[in-house]
Amino acid sequence: MKIRKLAAIDIGSNAMRLLINYVYEIPGSQPVFNKTSIVRMPIRLGEDVFTNKKISEKNTARLVDAMKAYKLMMDIYGVEDYLAYATSAMRESENGKEVVSKIKKQSGIGIEIIDGNTEAQLIFATELQSFVLDGNNYLYVDVGGGSTELTFISNGEVQFSQSFPVGTVRLLEGKVEQNVYPEMKKWIEENIRKHDVDLIGSGGNINHVYKYSGVKLGKPLAGSYLRSRYKKVREMSYEDRLQELNMKPDRADVVEYALEIYTKVMKWSRAKKIYVPKIGISDGMIRSLYEDVKKS
């Protein structure tokens, strides 16, 4: 048996994550992917970019330090190869390319800034592919800090996707344009509503809600539960969310905005339930990277 050690760095608008994954290659069998370590850093780039259009010197320095730490961790684990992708906030930042260059120079980590379509493709590269091979219709909803990716999946294949500039940090900062929700609603009504769909939710906020829902692993959340949870969270103070819901500080102030997006999408699509398989972009990055390295 051969063990490959791969890593994925996902730089989002609300936080960044390093996923280290072992892949067990067993002759005559499918490879086994083992999530070995996940390290999350609460560096909120969206707070800079959605307000001032640039990543601040303070957060640039924090990014460099975080990447140096990630580099050390990958070295300690003996990582064979890695991918590092940045999404919405870095895409929109006026100095994004400059920051990426500085990180590369000081930490040795090369970062690629990707678009919304690539994000959607990476998600489908995960074990989600086997999850949706039942012939049903799904609307995959990935809520990030800066954007929301909607992907329609039918007969086990991605049919089309659309990215909208509305996310948790952007809503928190009051930087969502007035036309975004109407455009999202129109897109869903024209493309999704004619199909009978279930939602698949992705993102740290929906994962947290699912974890404490009491629902059996693998079973969906009902739309009624999601709406009641949204109502409860909105009525709670920031401090209560920290204490009663056991949330991290940089989740407690944005969770209501994530639930706002999910409940709107559920209403507009007329979906009745949402599955939460805890699959993210970093999982797709690992799968994509593995397809490349196994050829070498």
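Predicted model: local features only at pLDDT ≥ 70, side-chain atom pairs only at ≥ 80, totals over all residues.
Colleague: What share of the residues counts as buried?

Modeller: Of the 296 residues, 51% count as buried. Buried means under 20% relative accessible area, exposed means over 50%, and partly exposed lies in between, with a 1.4 Å probe and protein chains only.

Colleague: Now the open sheet. What is its strand order?

Modeller: Five strands form the open sheet in the order 3-2-1-4-5, with mixed pairing. Two strands pair if DSSP finds at least two bridges between them. The edge strands, strand 3 (32-41) and strand 5 (112-113), each pair on one side only.

Colleague: In which sense do strand 1 and strand 2 pair?

Modeller: They pair in the antiparallel sense over ten bridges, and a hairpin of four residues joins them. Within that pairing, Lys5 has Tyr22 in strand 2 as its bridge partner. Strand 2 (residues 16-25) is mostly covered, with eight of its ten residues buried.

Colleague: And how many bridges join strand 2 to strand 3?

Modeller: Nine bridges join these two strands, which run antiparallel. Tyr24 stands opposite Val32 in strand 3. The hairpin between the strands has six residues, and Gly28 in the turn has a positive phi of about 85 degrees.

Colleague: What about the pairing of strand 4?

Modeller: Strand 4 (residues 81-86) is joined to strand 5 by two bridges, and the two run parallel. Ala86 has Ile113 in strand 5 as its bridge partner. Strand 4 also pairs with strand 1 (residues 2-11) in the parallel sense, over six bridges; there, Leu6 is partnered by Asp81.

Colleague: Changing topic, which residues have the most contacts inside the largest nonpolar core?

Modeller: Leu150, Met184 and Val265 have the most contacts inside that core, which has 39 residues. A nonpolar core is a set of buried Ala, Val, Leu, Ile, Met, Phe, Trp, Tyr and Cys residues joined through side-chain atoms within 4.5 Å. Helix 13 (255-269) is among the elements that each supply at least two residues, and helix 13 gives the most, with nine residues. Apart from this core lies another, of 30 residues, among them Leu18, Leu63, Ala89 and Val99.

Colleague: Which residues are in contact with Met184?

Modeller: Leaving aside neighbours within four places in sequence, Met184 is in contact with Thr148, Leu150, Phe164, Val166, Val265 and Trp268. Contact means heavy atoms within 4.5 Å.

Colleague: Finally, how many salt bridges does the count come to?

Modeller: The count comes to 15, taking a salt bridge as a side-chain nitrogen of Lys or Arg within 4 Å of a carboxyl oxygen of Asp or Glu. One of them joins Arg4 and Glu25 (3.0 Å, N to O). That pair links strand 1 and strand 2, 21 residues apart, and both residues are buried. Arg4 and Glu25 also belong to a network of salt bridges with Glu80.

Colleague: Where in the chain are Asp250 and Arg40?

Modeller: Their side chains meet in a salt bridge (3.1 Å, N to O). Asp250 is in helix 12 (residues 249-252) and Arg40 in strand 3, 210 residues apart. At 11% relative accessibility, Asp250 counts as buried.

Notes. Residues numbered from 1 in each chain as written. Heavy atoms only, no water.
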